[in-house]
Amino acid sequence: MPYSASSSSPSSWVLASGLKGARQLLLLVRFPNLLLMALCLLLVRTCLLHAPLLEIRFGLMLLAALCIAAAGYIINDYYDVKIDAINRPDRLIVGRLVNRRQAMLAHLILSGEGVVVAGALSPLLGLVNLGSALLLWGYSARFKRLPLVGNLAIALLTAALVLLPELQLRTGHLTVWVYALAAFLLTMVREIIKDVEDMRGDAQHDCRTLPIVWGIIRTKWVTGFFLMSLLVLVTGAAWNALSHDKLGLGLWLVVAVIVPLIGLGRLLVRADRRRNFTRLSTWCKGVMLAGVLSMSWMAFS
């Protein structure tokens, strides 16, 4: 067989190995989710707080927040190797693509960087990032196996992410807190839905999540409570926007958020199979993106 430089040269092997390693890293830290977080922080900063974007302190705060989030994804996969092998075998990363020792080292480095950088910016941001890192560790190791405790932890962390630019600038804008509350409620909905989706693997590893303890029917009622609370909050925000001649924002909230939330509620009532809850989880992601993008309308207010 003739020698093929393109298939066996050292440079091509190094390039292929590097690309494979980069892909594994992006999968491990959930890169699309990190992009959505970055977009959220950028829009809060520019559209809600009307602060300049190209500012070094904001860039460092953004870097610190994403490091904490990436570390959280890694430690979650570290503790969930056996459960993910049942629930999501096709997306198993730690233990298959990345060994557990490397994952733990990456988690410690990213967490440390996120806490140190935030602490250098301000003691408050340092404390928030330290608390977030510890809560993510506790969530992965224990809290997610308890009914509602893990869901509340992730929802609080999501709300804290939205508040970071405000905690840095301390402008007193109440709109940011409304968005943080909406993020909390929607995250509660999605996290409970994910617990139903993951019941099979969770039950085999002695997890006590809400659907395992209360059953699917009562869990759907709890999910419906948070969904209805979110719907009331967004409806109030849309009414307020329309009443104050913010037509673009009001119509966006109605069409891109309220209508999908009503659709989500209808699907929730009918859901009775794993694939139904998988669809609901994906639907929640779409609503979350629409909610984040609604901030862009605030730039014109």
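Some ground rules. Residues are numbered from 1 along each chain as its sequence is written, and side-chain values use heavy atoms, leaving out hydrogens and water. As the model is predicted, local features need pLDDT of at least 70 and side-chain atom pairs count only at pLDDT 80 or more, while totals for chains, interfaces and linings use all residues.

Helices here are DSSP runs (H or I, at least four residues), numbered from the N terminus. Axes are lines fitted to C-alpha atoms over the stretch in contact, and angles run from 0 to 180 degrees between N-to-C directions.

Start with helix α3, residues 31–48, and helix α4, residues 56–79. Their axes come within 10 Å and cross at roughly 150°. The two are therefore roughly antiparallel, a label for angles over 145 degrees. The crossing is right-handed, that is, the near helix is turned clockwise from the far one by less than a right angle. Contact means heavy atoms within 4.5 Å. On the α3 side the contact includes Leu34, Met37 and Arg45, and on the α4 side it includes Phe58 and Tyr73. By class, this contact has twelve nonpolar residues, one polar and one charged. For the classes, Ala, Val, Leu, Ile, Met, Phe, Trp, Tyr, Cys and Pro are nonpolar, Asp, Glu, Lys and Arg are charged, and the others, Gly among them, are polar.

Next, helix α6 (residues 100–121) and helix α7 (residues 123–141). They pack at about 160°, with axes 5 Å apart. So α6 and α7 are also roughly antiparallel, and α6 passes α7 in a right-handed crossing. Among the residues in contact are Gly114 and Gly119 of α6, and Gly126 and Trp137 of α7. Ten of the contact residues are nonpolar, six are polar and none is charged.

Last, what is the volume of the largest cavity? About 40 Å³. A cavity is a set of points, on a 1 Å grid over the protein atoms alone, where a 1.4 Å probe fits but cannot get out; lining residues have an atom within 4 Å of a point. The volume is the space filled by probe spheres set on the points, which are joined across faces, edges and corners. The lining is Tyr139, Lys144, Leu146, Leu148, Gly150, Asn151 and Asp195.

How values were computed: Parallel < 35°, antiparallel > 145°, perpendicular 65-115°, else oblique. 1 Å grid on protein atoms, 1.4 Å probe; cavity = no way out; pocket = protein on both sides within 12 Å on 5 of 7 lines; lining within 4 Å.
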